[in-house]
Amino acid sequence: MGDATGPVRCPHCGGTDFFVLSTGVAYRGGTIIETYRWPAEGAAPVDSLGLEDAGYEVEQEVLEEPDIVAVEGQVRAMCVGCLTDLTEQYLTYGRGESLLPV
Ligand SMILES: [Zn+2]
């Protein structure tokens, strides 16, 4: 306790890497361009990664990545090694770090 300089350490397996799962993430400012292509007559359906909208094949390209402006849902942290819940340690760590003057 009180060690604010080290990494978050999993109490179960001692690992220092963790996932952070954030829900309810709000974005702003992104730009995408969508290309609508009417498929050629009689063409075999293409197993593409694109979307489909009323018969059109739609291709999306992100021109500008949006910024995260808010996380309105729950935040959970889990150990990468054993999935032990590290939310409390993660939140404590973040708080401690932001309070550090250096
Ligand atoms: Zn662990």
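This is a predicted model: local features need pLDDT of at least 70, side-chain atom pairs count only at pLDDT 80 or more; totals for chains, interfaces and linings use all residues.
Seven is the count to begin with: 7 bridges join β3 to strand β5 (residues 56–64), and these two strands run antiparallel. Along the pair, T35 stands opposite E59 in β5.

The pairing belongs to an open sheet of 3 strands, ordered β3-β5-β4, in which the pairing is antiparallel. Because β3 (31–37) and β4 (51–53) stand at the edges and each has a single partner strand, one side of each is left without a neighbour in the sheet. From one strand to the next, the twist averages 40°.

A54, in the loop between β4 and β5, has a phi near 50°, a positive value in a residue other than glycine. L83, which lies in the loop between β7 (75–79) and α1 (87–99), likewise is not a glycine and has a positive phi of about 65°. Their surroundings are set out below.

| Residue | C-beta neighbours inside 10 Å | Class |
|---|---|---|
| A54 | 6 neighbours | A54: exposed |
| L83 | 13 neighbours | L83: partly exposed |

A54 counts as exposed because its 6 neighbours fall within the limit of 12 or fewer, whereas L83, with 13 C-beta neighbours inside 10 Å, counts as partly exposed.

Conventions
Residues are numbered from 1 along each chain as its sequence is written. Two strands pair if DSSP finds at least two bridges between them. Helices (H or I, at least four residues) and strands (E, at least two) are DSSP runs, numbered from the N terminus. Axes are lines fitted to C-alpha atoms, for helices over the stretch in contact, and angles run from 0 to 180 degrees between N-to-C directions. A residue is buried if 20 or more other C-beta atoms lie within 10 Å of its own, exposed if 12 or fewer, and partly exposed in between; C-beta atoms are placed from the backbone.
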